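Okay, thanks for coming, everyone. Let me put today's structure up on the screen, and then we'll walk through it together.

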Amino acid sequence: MTVADAGISPGSERVRVTVERIDKPRGATRVGDWFEVVGSRLFLPAGKSFCPYAMAAVFPIVVMRQADLPADSWLVRKPWICGPDAEENLVMRVEAVYDEPGAPEPESEPESAAGAAS
């Protein structure tokens, strides 16, 4: 019996968070901006930034999506998380990314490595 046969949505070490909606932007984050967490490493596209308050709001959910979930889990059915500013109304999609064997990792350097270079 496979994980799918058991009614389980498999987790993934690699999770992508993408901004799907933002009504009143307060910073540089825009619709389509994204970041990925691979294990415990954070990746952003080169030269891009992401609202740290929105990241803080979604990180606990990213950890949940890295684990196997029941197929009827709210996070599998409705993978949207709101940022902390109600007026801004930033909505992010949290999705597991399933790589092909040998697929390359995200192109940018992990945030921790970029800051350590200076």
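Let's start with a single side chain: is Arg21 buried, partly exposed or exposed? Arg21 is partly exposed, because its relative accessible area is 43%; the scale here calls a residue buried under 20%, exposed over 50% and partly exposed in between, using a 1.4 Å probe and protein chains only.

Before I go on, a word on what you're looking at: this is a predicted model, where local features need pLDDT of at least 70 and side-chain atom pairs count only at pLDDT 80 or more, while totals for chains, interfaces and linings use all residues. Residues are numbered from 1 along each chain as its sequence is written, and side-chain values use heavy atoms, with hydrogens and water left out.

Going along the sequence, you read β-β-β-β-α-β-α-β-β-α. Out of 118 residues, 36% count as buried.

Now the sheet. Five strands make an open, antiparallel sheet in the order β4-β3-β2-β7-β6, where strands pair if DSSP finds at least two bridges between them. At the edges you find β4 (41-43) and β6, and each has a single partner strand, so one side of each has no neighbour in the sheet. From one strand to the next, the twist averages 25°. Further in, β2 and β7 pair antiparallel over six bridges, and Val17 has Val94 in β7 as its bridge partner.

Lying across β2, β3, β4, β6 and β7 is helix α1, residues 52-66, which runs at about 25° to β7. Those angles go from 0 to 180 degrees between N-to-C directions, with axes fitted to C-alpha atoms, for helices over the stretch in contact.

Okay, charges. How many salt bridges does the structure hold? Eight, each being a side-chain nitrogen of Lys or Arg within 4 Å of a carboxyl oxygen of Asp or Glu. In general, side chains of opposite charge can pair when their charged atoms come close.

Back to Arg21, then: Asp23 forms a salt bridge with Arg21, with the closest N and O atoms 3.0 Å apart. Asp23 is partly exposed too, at 45%.

Next, Glu36 and Arg16 meet at 2.8 Å, N to O. This one links distant parts of the chain, with Glu36 in strand β3 (34-38) and Arg16 in strand β2 (14-21), 20 residues apart. Glu36 counts as buried because its relative accessibility is 1%, whereas Arg16 is partly exposed at 25%.

Then there's Lys24 with Glu87, at 2.4 Å, N to O. Lys24 sits in the loop between β2 and β3, and Glu87 in the loop between β6 (80-82) and β7 (91-96), so this pair ties together parts 63 residues apart in sequence. Through shared partners, salt bridges join Lys24, Arg26, Asp85 and Glu87 into one network.

Last stop: Ser12, in the loop between β1 (8-9) and β2. Ser12 counts as buried, because its relative accessibility is 9%. Its side chain reaches the backbone oxygen of Arg14 at 3.0 Å. Leaving out residues up to four places away in sequence, Ser12 touches Arg65, Gln66, Ala96, Val97 and Tyr98, where contact means heavy atoms within 4.5 Å.

That's my tour, thanks.

Conventions. Helices (H or I, at least four residues) and strands (E, at least two) are DSSP runs, numbered from the N terminus. A polar contact is a pair of N or O atoms within 3.5 Å; within protein, one must be able to donate a hydrogen and the other to accept it, and residues adjacent in sequence count only if both atoms are side-chain atoms.
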